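Subject: Structure for your files, with notes

Hello,

Here is the structure I said I would pass on. My notes come after it.

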Amino acid sequence: MPSQRTSPEPHQSQLAFAAELRELRRVADKKPTEEAIARKMGCGRSTVSAMVNGRRFPTWEHTAAFARALDADPSKLRRQWVEASRQIEEASKGFASPLTQLPFISGAQAMGEARLAAHWYRNNREFYEAACTRVQQARSEIRVTYTRRYPPTQYTTRASADYFKAILDWASEDSDDERSVRRIIGIPECDGQPDSDMFSWARQHYTDSKHILTYEANVLRWTAAADGLNMALIDDSVVFLAFSGGPRQKLNGLSIEDPTFMTYFAAYFDQLWAALQPLGTYLSAAEGRAGEPSA
């Protein structure tokens with residue numbers, strides 16, 4: 001069997017097997033961090049991260065140790081590991097391999113025909129419950145946007161409230177892992193004046209979050225009379241996209257778990273982030289301008 005290895009273009013089976021490992025971790029009790037798993041495995045955190053993100057196909061020894069660290073039965077992964085190992089080995093020798101279709105095909109061979117597997121969420125509750133779960137499982141980085149006509153406090157589902165709370169809780173959590181949360185907040189404006197409800201929420205949010213060293217927020221001045229496309233990028237693997245509009249409570253969306261797909265949205269997020277004001281700076285400037293926020 002092949003030894004542990006990495007490649008700039010991971011084989012489809014390597015990425016599919018990584019998804020199996022992530023699912024095993026997702027259903028484990030207490031959702032252990034990569035650091036905790038690495039300690040139980042007796043390896044470095046970077047090794048665990050490479051395994052679960054598809055950057056490295058693990059040896060069977062590391063795979064079995066990963067399963068045991070999650071109190072799972074290694075034998076249940078043996079068949080998938082053997083099949084993935086065989087396919088990777090054959091591909092390395094130039095043989096065609098009857099692969100199980102993977103959610104995403106990257107690289108030059110894709111020829112612009114990438115296939116994505118999406119999880120679809122029919123309503124506000126389904127979307128926020130799934131996003132909240134993934135936030136709680138995050139390892140090191142969360143990037144989110146919120147560009148809507150109404151503040152989060154005006155949505156009624158408990159799932160949405162739990163989601164917004166989970167992000168601040170995760171950033172505040174005492175952890176050995178390095179953590180970072182960046183949020184872009186779109187504040188609606190009319191004739192240069194911010195909407196009063198959103199402005200009040202943003203001011204309270206700044207008070208609630210300014211002491212959290214791992215949390216930053218920048219402001220996008222939003223002049224469109226419609227919600228924006230909102231997203232949550234969690235670590236380097238999963239993208240949540242939310243679609244809202246019409247009735248205030250209407251929201252649905254999807255999530256796609258693929259590191260390559262993630263890079264496109266991460267680049268867009270970083271481009272926006274670099275051009276925006278920090279929340280505290282925006283609030284000070286807005287309060288200093290003549291006039292009160294519009295009703």
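Predicted model: local features only at pLDDT ≥ 70, side-chain atom pairs only at ≥ 80, totals over all residues.

Residues are numbered from 1 along each chain as its sequence is written, and side-chain values use heavy atoms, with hydrogens and water left out.

Whole chain

The chain has 10 helices and 11 strands; helices (H or I, at least four residues) and strands (E, at least two) are DSSP runs, numbered from the N terminus. Of its 295 residues, 48% are buried. Buried means under 20% relative accessible area, exposed over 50%, and partly exposed in between, with a 1.4 Å probe and protein chains only. Among contacts with a separation of 6 or more, 73% are between residues 24 or more positions apart, where contact means heavy atoms within 4.5 Å.

Helix packing

Two packed helices are described by the angle between their axes and the distance between the axes. Axes here are lines fitted to C-alpha atoms, for helices over the stretch in contact, and angles run from 0 to 180 degrees between N-to-C directions. Angles under 35 degrees count as roughly parallel, over 145 as roughly antiparallel, 65 to 115 as roughly perpendicular and the rest as oblique.

Helix H1 (residues 12-26) packs on H5 at about 160°, with the axes 9 Å apart. H1 and H5 are therefore roughly antiparallel. Their crossing is left-handed, a term used if the near helix is turned anticlockwise from the far one by less than a right angle (right-handed if clockwise). From H1, the residues Ser-13, Gln-14, Phe-17, Glu-20, Leu-21 and Leu-24 meet Leu-77, Gln-80, Trp-81, Ala-84, Gln-87 and Ile-88 of H5. By class, this contact has 7 nonpolar, 4 polar and 1 charged residues. Ala, Val, Leu, Ile, Met, Phe, Trp, Tyr, Cys and Pro count as nonpolar, Asp, Glu, Lys and Arg as charged, and the others, Gly among them, as polar.

Gln-87, in helix H5, counts as buried because its relative accessibility is 4%. The side chains of Gln-87 and Glu-83 are joined by a polar contact of 3.0 Å. Such a contact is a pair of N or O atoms within 3.5 Å; within protein, one must be able to donate a hydrogen and the other to accept it, and residues adjacent in sequence count only if both atoms are side-chain atoms.

Helix H8 (residues 196-209) and helix H10 (residues 279-288) pack at about 130°, with axes 10 Å apart. H8 and H10 are therefore oblique to each other. The crossing of H8 and H10 is left-handed, and the contact has 7 nonpolar, 2 polar and 2 charged residues.

Loop residues

Pro-152 sits in the loop between strand E4 (141-147) and helix H7 (158-172). Its relative accessible area is 10%, so Pro-152 is buried. Leaving aside neighbours within four places in sequence, Pro-152 is in contact with Tyr-146, Phe-164 and Trp-201.

Asp-71 is not a glycine, yet has a positive phi of about 60°. Asp-71 lies between helix H4 (60-69) and helix H5 (75-92), and counts as exposed at 70% relative accessibility. Asp-191 also has a positive phi, near 55°. Asp-191 is in the loop between strand E5 (180-190) and strand E6 (193-194), and is exposed at 77%.

Regards
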